[in-house]
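Here is a short note to read alongside the model, written for someone meeting it for the first time. Please keep the view open and follow the points in order.

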Amino acid sequence: MKAAVIESVGKAVVMEVPDPTPGPRDVVVEVAACGLCGTDLHILQGEFAPTLPIVPGHEFAGTVVGVGAQVTELSLGDRVAVDPSLYCHECRYCRTGHNNLCERWAAIGVTTAGGAAQYAVAPVANCVRLPEHIRTQDAALVEPLSCAVRGYDVLQSRLGAHVLIYGSGTMGLMMLELAKRTGAASVDVVDINAQRLSTAQLLGVSGSATNADELDRPQGWDLVVDATGNAAAIQDGLDRVAKAGTFLQFGVADYATRVTIDPYRIYNQEITITGSMAVLHSFERAAELFAAGVLDPEIFISDRLPLENYPQALEQFASGVGRKIVVVP
């Protein structure tokens, strides 16, 4: 089969690899579409400690074309979205419900072969069957949406909150859509990318700007979400949190990224700084929200490129052109 392969740091190619075979509780999925993500760029840069070469792709959906000997929950022809998370279920963090912090954390498309290929293997427990009205290609959006749902679980958002989001790429836009549906009094977005900011405006925002100084909220925001991973945005966002407010580090920063915090202000104003890591008990809920129309795939997916163009798709994604880019085998 054809698959995208990150062969070494900085090098991605498309090549023939052996067809996957399922274990007893696995299924083989014929991939309909696979989304690109910032995590893929980190893997390309040699971060996240992947063992290279690796077939990337942790955001994918497709049709079941093979089942393991012990699989009874799914049948050939079922269309599914796949949760890439792989946990040990044995370590302290798994036993206390923090599986996303598993000491032996792994993921399809990060530590094992993923969905940037014609076929991919997944545990049957990681597959969510799609309703008839959902296009299989569009369901590649379920995984990033599940990360956004996890982010809102961490925020424990209250009704009437004023929200500021840095970044209007895919994840920032998803956080925007969830903020609008969780009772926010206002949702503002900051981005230096005018094209992406226009998409946020299309979806509906209270305010949008290239700099938060342009927004009229001198007292700050109750919830500030960084969806960029950019040091300058993070630093600015930390300074915009209102008293008793919360800052969520949602974007994935490079390992070397550093910012400065003001410990006295955090103490004196009871500011919470927290993070959200990947998926946790949120994939099924994301699939339900997606089926209910919380996202418009035609707005969120800007490019649908053939799998053969995976290296070029990575370059486009890294340049900040477009929104969600998916490859189609």
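1. Arg304 is partly exposed, at a relative accessible area of 29%; here buried means under 20% relative accessible area, exposed over 50%, and partly exposed in between (1.4 Å probe, protein chains only). The side chain of Arg304 meets that of Glu298 in a salt bridge, 3.5 Å from N to O. A salt bridge is taken as a side-chain nitrogen of Lys or Arg within 4 Å of a carboxyl oxygen of Asp or Glu.

2. A word on the basis of this note: the model is predicted, so local features need pLDDT of at least 70 and side-chain atom pairs count only at pLDDT 80 or more, while totals for chains, interfaces and linings use all residues. Residues are numbered from 1 along each chain as its sequence is written, and side-chain values use heavy atoms, leaving out hydrogens and water.

3. Helices (H or I, at least four residues) and strands (E, at least two) are DSSP runs, numbered from the N terminus. Glu298 counts as exposed because its relative accessibility is 52%, whereas Arg135, at 43%, counts as partly exposed.

4. Asp213 lies in the loop between strand 12 (207–209) and strand 13 (221–226), and Arg240 in the loop between helix 6 (231–238) and strand 14; the two are 27 residues apart. Is each of them buried or exposed? Asp213 is exposed, with a relative accessible area of 58%, while Arg240 is buried, at 16%. By the rule used here, the count of salt bridges comes to 14.

5. Now for the interior. A nonpolar core is a set of buried Ala, Val, Leu, Ile, Met, Phe, Trp, Tyr and Cys residues joined through side-chain atoms within 4.5 Å. The largest such core has 48 residues, and those touching the most other members are Val142, Leu145, Ile165, Met175, Phe250 and Phe300. Helix 3 (residues 142–155) gives the most to this core, eight residues. Another core, of 36 residues, lies apart from it and includes Val29, Leu44, Val80 and Ala122.

6. Leaving aside neighbours within four places in sequence, Met175 is in contact (heavy atoms within 4.5 Å) with residues including Ala148, Tyr152, Leu155, Ile165, Val225 and Phe250.

7. Strand 4 (residues 59–67) and strand 5 (residues 79–82) run antiparallel and are joined by four bridges; two strands pair if DSSP finds at least two bridges between them. Val80 is the bridge partner of Gly62 in strand 5. Strand 5 also pairs with strand 9 in the antiparallel sense, over three bridges, and there the partner of Val80 is Arg129.
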